[in-house]
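Q: Hey, I've got a new chain open and could use a hand finding my way around. Can we just chat through it?

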Amino acid sequence: PRPLPLLLVLLASSAAAEPLADAIGAGAAAGLPTELAVVAVHVPRALGRRHADVDRAAVAVEWPRAPRPGRISVRVRVAGGRASFVPVTLAAKTAGFVTTRALPAGALITAADVVAVSQVMAPGTQPAPIAVGTITTTALAAGDVITAAAITRPPPVARGADVEVIVESGAITIRARGRLAASARPGEVAIVRLADTGRDLRGTLVDDHRVVVEEAP
């Protein structure tokens, strides 16, 4: 038979190979509750010498007992060999928000500027419980976790303030004038009274002069 080119042989032999710690971490993560994450794998020196790089499919990981935050051991078999116990460190995930783009200090955060995440936070990090509608107190880079110290809530917009009402229904957008029926902060749900009909609508106060209603009344 005609031999394969050398490049293809190398790719076939190394495509699935990865460090043993990474393979064990992936196997351990597959059996975790969604609120936990693997943050470190402590491979014993002898086991690491025997298996430097492995195929992930050849590494079987079992949890002898229920996972919990902290250091705990998993049972590992490589290529069906004898079982070894490998300590891993688990940490609890925390809900928070991460920026999708760089934001300067003093920026009003909109829904397009952040994404909600559940991940392990760095020690001492206190993620902000809300993000949309707050104002940055310091410049943030794309991908930064928004901390409680990095934002402040803007003052509420007073009842009776004139606002533009934007009603979005599919591809149709209708704009009208209205007044806030009650004070609200940007980012919060607000009730607005249409100037031409006197009808009350519920929407989101996106800044101090606009309310967006996502469905037609």
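Q: Okay, which way do strand 4 and strand 5 run, and how many bridges join them?
A: Strand 4 and strand 5 (residues 70–78) run antiparallel, with four bridges joining them. Bear in mind that this is a predicted model.

Q: Which residue in strand 5 stands opposite Glu-62?
A: That's Arg-75.

Q: And how do the side chains point along strand 4?
A: They alternate along residues 59–62. Val-59 and Val-61 point to one face and are buried.

Q: Is Ala-79 buried or exposed?
A: Exposed, because its relative accessibility is 64% and the cut-off for exposed is over 50%.

Q: What's its phi like?
A: The phi of Ala-79 is positive, about 55 degrees, although the residue is not a glycine. For background, most residues other than glycine have a negative phi.

Q: Let's switch to the other end. How do strand 13 and strand 14 pair?
A: Strand 13 (residues 189–194) and strand 14 (residues 200–207) run antiparallel, joined by five bridges. Arg-193 has Asp-200 in strand 14 as its bridge partner.

Q: What's between those two strands?
A: They form a hairpin with five residues between the strands. In that hairpin, Gly-198 takes a positive phi near 75 degrees.

Q: How many residues lie between strand 14 and strand 15?
A: Two, and these strands form a hairpin as well. Strand 15 covers residues 210–213, and its pairing with strand 14 is antiparallel over three bridges. Leu-205 stands opposite Val-211 of strand 15.

Q: What about Ile-166, where is that?
A: Ile-166 is in strand 11 (residues 162–169). Ile-166 counts as buried because its relative accessibility is 5%, and buried means under 20%.

Q: So which residues is Ile-166 in contact with?
A: Leaving aside neighbours within four places in sequence, Ile-166 is in contact with Thr-173, Ile-174, Arg-175, Arg-210, Val-211, Val-212 and Val-213. Val-211 is also the residue that Leu-205 stands opposite.

Q: How far is Ile-166 from Arg-177?
A: Their C-alpha atoms are separated by 8.7 Å, and the two residues are eleven apart along the chain.

Q: Now Thr-99: buried or exposed?
A: Buried, because Thr-99 has 4% relative accessibility. Thr-99 is in strand 7 (residues 94–99).

Q: Which residues does Thr-99 touch?
A: Beyond neighbours within four places in sequence, its contacts include Asp-113, Val-114, Leu-140 and Ile-146. Ala-141, Ala-142, Gly-143 and Asp-144 are in contact with Thr-99 too.

Q: Zooming out, how many helices and strands are there?
A: Three helices and 15 strands.

Q: And the overall dimensions?
A: The C-alpha trace spans about 80 × 50 × 30 Å along its principal axes. The chain has a radius of gyration of 27 Å, whereas a compact globule of 217 residues would have one near 17 Å.

Q: How much of the chain is buried?
A: 29% of the 217 residues count as buried. The accessible surface comes to about 12800 Å², with 56% of it belonging to carbon and sulfur atoms.

Q: Last one: how many charges are there?
A: There are 23 positive and 18 negative charges, and their mean positions are 11 Å apart.

Terms used
Residues numbered from 1 in each chain as written. Predicted model: local features only at pLDDT ≥ 70, side-chain atom pairs only at ≥ 80, totals over all residues. Heavy atoms only, no water. Rg over C-alpha atoms; globule rule 2.2 N^0.38 Å. Buried < 20%, exposed > 50% of the residue type's maximum accessible area, 1.4 Å probe, protein only. Areas by Shrake-Rupley, 256 points an atom, 1.4 Å probe, with all protein chains shown as cover. Lys, Arg positive; Asp, Glu negative; His and termini not counted. Charge placed at Lys NZ, Arg CZ, Asp CG, Glu CD. Contact = heavy atoms within 4.5 Å. Pairing = 2+ DSSP bridges.
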